[in-house]
Each structure stands twice: as structure tokens, then as C-alpha cells.
Amino acid sequence: MRRLCVVDTNVVVSGLVSRAEGAPPQRILSAMLAAELGFALSVELLAEYRGVLMRPGITALHGLGDAEVDEILQRLALEAVEVDPEPIAVPDGVEPGDEHVARLVLALPACVLVTGDHALAAAMAGAYEVCTAAEAQRLIVSA
């Protein structure tokens with residue numbers, strides 16, 4: 001059985017806006033969409049993905065409209081394991097805007113947090129496996 005990941009918003013956004021062909025965040029996002037990476041989502045994390053992807057500065061980078069972003073998010077939702085995490089305490093050092101990601105990780109024993117957020121990675125390290133998009137590429141399996 002493959003391990004589940006929680007993929008932070010910064011990785012998904014980087015995967016969509018990166019111009020470097022084959023960049024690790026692109027590979028992670030592609031693997032999510034192709035069911036080659038097991039990952040979990042909560043409604044709150046999916047809403048965060050959308051909120052960030054629809055920011056004007058980010059929209060200018062990826063050039064997609066509302067319908068195209070929603071289609072990508074729907075495809076992600078279809079491939080994800082949906083989790084509704086409990087409102088539990090999170091480790092010290094987790095910033096308020098990242099608490100929902102931390103709760104999702106805490107709800108999934110043995111999952112891997114994939115993030116480029118150094119503060120979140122530091123706060124979650126130790127009890128949970130944390131890696132960058134480049135490191136997470138080892139978890140991709142061909143369907």
C-alpha cells in the first residue's frame with residue numbers, strides 16, 4: 001500500500017505556475033492528477049488551493065480562468081482521500097494559517113507532508129515525515 005501525502009498549497013501552486021519543464025512541483029501535481037501519488041485532502045485545504053490559485057498575481061502567472069482552475073481542483077478531489085480532521089491542538093510553531101494542514105497531517109498516521117514552507121516543515125518535523133516536492137518524487141508510482 002502506498003503512503004498518503006498531504007500536499008501543501010505552495011507545492012500545488014508552484015506546480016501550476018512553474019515554467020521549468022519537469023520541475024519537482026510540476027511532477028507532484030501531475031502525479032496527483034494521474035493517481036500516481038496517494039494524497040489526502042480536506043474541504044478546507046481544497047478551498048485554500050482555490051483561493052490562492054485565484055489571487056490576481058497567481059492568475060497572471062498561470063493564465064487560467066475560473067472554470068479551468070475548478071476543473072483541475074475537481075480532478076484532484078476525485079483522486080484524493082477525503083479527510084475531515086478533528087479540531088485538535090497542533091504542534092508549537094505552526095502558524096495560524098497552516099493549522100488546517102497540520103490537523104490533516106495529524107489525522108493520518110504515517111503520512112508525508114510535502115511542503116516548501118520552511119516554518120511549517122520545522123514545526124511538523126520530528127513526529128511526522130516532512131519533505132520537499134523534490135524529495136517527494138520518490139513516492140510517485142506509475143499507474
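**From Arg27 into the fold**

Arg27 is partly exposed, with a relative accessible area of 39%. That places this residue between the cut-offs, because buried means under 20% and exposed means over 50%. The value comes from a predicted model, as do the others below. Arg27 sits in helix H2, which spans residues 24-33. Beyond the residues up to four places away in sequence, Arg27 touches Gly22, Gln137 and Ile140. Arg27 and Ala136 are 109 residues apart in sequence, yet their C-alpha atoms are 9.6 Å apart in space.

Step back to the whole chain. The protein chain has eight helices and five strands. Read from the N terminus, the order of elements is β-α-α-β-α-α-α-β-α-β-α-β-α. The radius of gyration is 14 Å, close to the 15 Å that the globule rule gives for 143 residues, so the chain is as compact as a globular protein of that length. Along the principal axes, the C-alpha atoms fill a box of roughly 35 × 35 × 25 Å. Of the 143 residues, 45% count as buried.

Take the contacts with a separation of 6 or more: residues 24 or more positions apart account for 65% of them. Charge is the next item. The chain carries 9 positive and 20 negative side chains. The centres of these two sets lie 6 Å apart.

Now go inside, starting with helix H1, residues 9-17. Seven of its nine residues are buried, so H1 is largely enclosed by the rest of the structure. The buried residues are Thr9, Val11, Val12, Val13, Gly15, Leu16 and Val17. Thr9 belongs to helix H1, and its relative accessible area is 4%, so this residue is buried. What does Thr9 contact, leaving aside its neighbours within four places in sequence? Its partners are Leu45, Glu48, Tyr49 and Val52.

Arg55 is found in the loop between H3 and H4. Its relative accessibility is 49%, so Arg55 counts as partly exposed. The C-alpha atoms of Arg55 and Pro96 are 41 residues apart along the chain and separated by 20 Å. Next comes Ala60, in helix H4, residues 56-62. Is Ala60 buried or exposed? Ala60 is exposed, because its relative accessible area is 64%. Across 43 residues of sequence, the C-alpha atoms of Ala60 and Val17 are 9.3 Å apart. Val17 itself is one of the buried residues of H1.

Helix H6, residues 99-106, brings several elements together. Its buried residues are His100, Val101, Ala102, Leu104 and Val105. Against which elements do the buried residues of H6 pack? They pack against strand S1 (5-7), S2, H3, S4 and helix H7 (118-124).

Finally, look at two backbone details. Most residues other than glycine have a negative phi. Ala35 has a phi near 60°, a positive value in a residue other than glycine. Ala35 lies in the loop between H2 and strand S2 (40-41). At 25% relative accessibility, this residue counts as partly exposed. Ala110 also has a positive phi, of about 65°, although it is not a glycine. Ala110 is found in the loop between H6 and strand S4 (112-114). Its relative accessible area is 53%, so Ala110 is exposed.

Note on methods. Residues numbered from 1 in each chain as written. Predicted model: local features only at pLDDT ≥ 70, side-chain atom pairs only at ≥ 80, totals over all residues. Heavy atoms only, no water. Helix = DSSP H or I, 4+ residues; strand = E, 2+ residues; numbered from the N terminus. Buried < 20%, exposed > 50% of the residue type's maximum accessible area, 1.4 Å probe, protein only. Contact = heavy atoms within 4.5 Å. Rg over C-alpha atoms; globule rule 2.2 N^0.38 Å. Lys, Arg positive; Asp, Glu negative; His and termini not counted. Charge placed at Lys NZ, Arg CZ, Asp CG, Glu CD.
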